[in-house]
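Hi there,

Here is the structure I promised to pass on to you. Please open it alongside this email, and I will walk you through what was found.

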Amino acid sequence: MRFETLTIHKGNLITDSAKPVVQPITLSTTFEHGAGEMMYTRANNPNRKALEDLLAAMEKGADAAAFSSGNAAGTAVFQALKPGSHIVAPDDMYHGLHNSMVQLFAGILEVTFVDMSNLEEVKKAIRPNTRLFWVETPSNPLLKITDIRKISALAKEQKAILACDNTFATPVFQNPIDLGADIVMHSSTKYFGGHSDILGGALITKEVNPFWEKVKIVQRVGGAVPAPMDCYLLCRSIRTLAYRMKGHTEHATILAEYLLNHLNVEKVFYPGLISHPGHEIAASQMSGFGGIVSFMVKGGAEEADLVVSKLHYFANATSLGGVESLIERRAAVEGPNTKTPQNLLRVSVGLEHTDDLLEDLAQALD
């Protein structure tokens, strides 16, 4: 099946004898012994099985594990590592998982944060106990691009795991497993859900091996799994993922080009721009550049906040990937230790008409 067909049919597991066209929601927390592979919903559920089968197929993996949030998914990878393991991670990454590494696993795991777009910095960070390379490309919020193939080669030399957060790109535009990743992570809250009304996370593995079995134990025993309703809604939303992503990318490109030429904009971050330092690598491993644009307003935090306050169609809110456009000053959200510029605004470009979005940006920036 081609991708669009797969997203519509692969996640539609029909277990009802009435043969409905759309999979029913199985809310039961328990199942009769001997009736089938299901026993208890924390361990498995028809709706979660449908979602995990779909996720594995989308990312070209052997298996998937769905979680109750993106943070729960990423944290499960860290939990599966042996104490004393060393992680090489991006200095520009989602702050929730950054906090998980440095707060929850302080004294248990070692972490070195580097510019993952700089291969020499990555090489210098490697230690004898390096067991995980964590990649986020494009990154959040500076949209740095990491060469997945080259990091994969380093990971193989080290006999370490390469995990890639593919939330911004989605499998519509990038397949990290094809590029050498061992595990792919998603915050399914974002583009998979697509409507800002589902919380979820996911991991997909290239192969079922002992490390993956540890991840699955964390999922089952830890119990941070999505409810059947959330799994059903994700399968439903993913049916339109390919078409939504095309719209998000088209709109983001238009806005990025507009911002690039605006007198009150200091800098624009979008991998689809030729001027972006990671554009060539992005073009070599992505078929589209996604729906996130970051830009720096001329001035400081006060000027950036003023722009946000004047917008009408961009909600000042955290998160991304919904049909509505969102904007926020990331440094204000990330806290006092952030390395994000104070005047940087991250935009999740929605599916509104681009003329309306451009007019709104123009009046706010002017």
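How far apart do the C-alpha centres of domain 1 and domain 2 lie? They lie 25 Å apart. The protein chain is divided into domain 1 (3-236) and domain 2 (241-365), with bounds that come from an automatic or database domain assignment.

Before the details, two notes on how to read the values. This is a predicted model, so local features need pLDDT of at least 70 and side-chain atom pairs count only at pLDDT 80 or more, while totals for chains, interfaces and linings use all residues. Residues are numbered from 1 along each chain as its sequence is written, and side-chain values use heavy atoms, with hydrogens and water left out.

Helices (H or I, at least four residues) and strands (E, at least two) are DSSP runs, numbered from the N terminus. Two strands pair if DSSP finds at least two bridges between them. Strands of a sheet pair through backbone hydrogen bonds, either parallel or antiparallel.

For angles, axes are lines fitted to C-alpha atoms, for helices over the stretch in contact, and the values run from 0 to 180 degrees between N-to-C directions.

For a parallel pair, look at strand S4 (residues 130-136) and strand S5 (residues 161-165), which are joined over 5 bridges. There, Leu132 stands opposite Ile161 in S5.

**The five-stranded sheet**

Another open sheet, also with mixed pairing, is formed by 5 strands in the order S8-S9-S12-S11-S10. Here the edge strands are S8 (265-269) and S10 (314-316), each pairing on one side only. Neighbouring strands of this sheet are turned by 25° against each other on average, direction ignored. For an antiparallel pair, find S8 and strand S9 (residues 292-297), joined by 4 bridges. The bridge partner of Lys267 in S9 is Met296. Helix H14 (residues 354-365) lies across S8, S9, S10 and S11 (325-329), at about 55° to S10.

**Where the domains meet**

The size of an interface is often given as the accessible area lost when the parts come together. Domain 1 and domain 2 bury about 2900 Å² between them, 63% of it on carbon and sulfur atoms. Buried area is the accessible area (1.4 Å probe) that two parts lose on being put together, summed over both.

How many salt bridges does the rule find across the interface of domain 1 and domain 2? The rule finds 1, where a salt bridge is a side-chain nitrogen of Lys or Arg within 4 Å of a carboxyl oxygen of Asp or Glu. The side chains of Lys246 and Glu4 meet in a salt bridge at 3.4 Å, N to O. On the domain 1 side that touches domain 2, helices H1 (3-9), H6 and H7 (170-173) each supply at least two residues. H7 gives the most, with 3 residues.

**Other things to find**

A search of the whole structure finds 13 salt bridges. One of them joins Asp63 and Lys216, whose closest N and O atoms are 3.8 Å apart. Asp63 lies in strand S1 and Lys216 in helix H8 (residues 210-222), so the pair ties together parts that are 153 residues apart in sequence.

Most residues other than glycine have a negative phi, and most peptide bonds are trans. With that in mind, look at the peptide bond from Thr137 to Pro138, which is cis with omega near -5°. A cis peptide bond also joins Asn140 and Pro141, with omega about 10°. Pro138 is in the loop between S4 and H6, and Pro141 lies in the loop between S4 and H6 as well. Lastly, Lys60 has a positive phi, near 60°, and is found in the loop between helix H2 (46-58) and S1.

Happy exploring!

Methods:
Contact = heavy atoms within 4.5 Å.
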